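The points begin with the pockets and then turn to the fold and to individual residues.

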Amino acid sequence: AAMVAQLDLFSENEELEEIASADLKYLPLPALLGALTLKQVDLSRRLEHLESARAHFWRFLKLCSSYGLGSFRLPPASPPGEEDAGSPSPGGPTAAQPSLVAMASSRQAKIERYKQKKELENRLASMRTFVEGGQADEDQIREYYILQIQKWINTSLEEIESIDQEMVILRSRGTAKQSSAPPHGTSRQARAPLKPFILTRDAAQAKVFGAGYPGLPTMTVDDWYEQRRRQGVVSGQSTPQRAPGVTDEELQKQQQEKKEEEDDEEALQKARNWDDWKDTHPRGYGNRQNVG
């Protein structure tokens, strides 16, 4: 492309007949550059690549229009959203909506371009063998390159239309991100996260649960209660004291024996009834879940 620009092979003041047949194959170079630019995969620079590709396609279409290649309407030099982005439309919201006539004409133009594209592909496929094999004369070579140019004209028109739609989406997405971003200095102060811990039943469980990785801090019920008592949350007489290392079951058994030693008639009678009931009902009596 740089060599073609340096040699000034093409000019808008020339006619199509003035271009040599061997030079016609270099005319679609801007369109090829636009197609190559669209293949860039850097998403952070997607909008920049779209603008560059659109400029390449538009320069190719403008050159073809000056040579009279194809009958098409040259699209605007810049995307529709850039010209009137900061000013409201003169006709209000209704004027921004496309009319049914414009939509119908656009649809008809797409259908015509599709038919032309299929016809051009068939003619190019039939002529490619003679041109590449060196059997075609100068007129056939010139016709072959003109058909290639017309094919790229349809491709450029389709790509510009697709680029304009994608650029509108990217700009609206960027505007939405800017509006949803919180203003500077209004972020809430981060609260210190609470450190988790495991509340164990006794010291033996504390040793077991504290041996894992990552190890969570552990404490027994007595340690937790003592910590809460020092903080003044609970009083010191709200729960009975017990020796360290004694489980709830052992503490309950000690309290039962203490009541029996104190000759508590109700506790003694309850214990005798329980012994009598166990004499007549063997262990597992009434369990019918595993039968059958």
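1. Lining of the largest pocket. In this predicted model, the residues that line the largest pocket divide by class into 11 nonpolar, nine polar and eight charged. The lining comprises 28 residues, and the pocket holds about 1000 Å³ of space. Those that lie nearest the centre of the pocket are Arg-73, Ala-109, Arg-113, Leu-157 and Glu-161.

2. Elements around the largest pocket. Which elements give two or more residues to this lining? They are α4 (80–83), α6 (100–132) and α7 (138–180). The largest share comes from α6, with 10 residues.

3. The second largest pocket. A volume of about 320 Å³ is found for the second largest pocket. Its lining consists of 16 residues, and Val-4, Phe-10, Pro-30, Arg-59 and Leu-63 are the closest to its centre. At least two lining residues are supplied by each of α1 (2–7), α2 and α3 (46–67). By class, the lining of the second largest pocket has 11 nonpolar residues, one polar residue and four charged residues.

4. Overall fold. The protein contains 11 helices and two strands. Along the sequence, the elements run in the order α-α-α-α-α-α-α-β-α-β-α-α-α. Of the contacts with a sequence separation of 6 or more, 55% join residues 24 or more positions apart.

5. Burial and surface. The protein has 292 residues, and 21% of them are buried. The accessible surface amounts to about 22400 Å², and carbon and sulfur atoms account for 52% of that surface.

6. The buried side of α2. Helix α2 spans residues 29–38, and its buried residues are Pro-30, Ala-31, Gly-34, Thr-37 and Leu-38. These residues lie on the same side of α2 because they cover an arc of only 120 degrees around the axis.

7. Cys-64. Apart from neighbours within four places in sequence, Cys-64 is in contact with Leu-27, Leu-69, Phe-72, Ile-149 and Ile-153. The C-alpha atom of Cys-64 is separated by 9.7 Å from that of Leu-74, and the two residues are 10 apart along the chain.

8. Leu-74. The loop between α3 and α4 holds Leu-74. Its relative accessible area is 30%, so Leu-74 is partly exposed, a class that lies between the cut-offs of 20% and 50%. When neighbours within four places in sequence are left aside, the contacts of Leu-74 are with Trp-58, Leu-61 and Lys-62. Leu-74 and Leu-157 are 83 residues apart in sequence, while their C-alpha atoms are 8.6 Å apart in space. Leu-157 is one of the residues nearest the centre of the largest pocket.

9. Asp-8. Asp-8 is placed in the loop between α1 and α2. With 58% relative accessibility, Asp-8 counts as exposed, because the cut-off for that class is over 50%.

Note on methods:
Residues numbered from 1 in each chain as written. Predicted model: local features only at pLDDT ≥ 70, side-chain atom pairs only at ≥ 80, totals over all residues. Heavy atoms only, no water. Helix = DSSP H or I, 4+ residues; strand = E, 2+ residues; numbered from the N terminus. Buried < 20%, exposed > 50% of the residue type's maximum accessible area, 1.4 Å probe, protein only. Contact = heavy atoms within 4.5 Å. Areas by Shrake-Rupley, 256 points an atom, 1.4 Å probe, with all protein chains shown as cover. Arc of directions from axis to C-beta. 1 Å grid on protein atoms, 1.4 Å probe; cavity = no way out; pocket = protein on both sides within 12 Å on 5 of 7 lines; lining within 4 Å. Points joined across faces, edges and corners; volume = space filled by probe spheres on them. Nonpolar A, V, L, I, M, F, W, Y, C, P; charged D, E, K, R; others polar.
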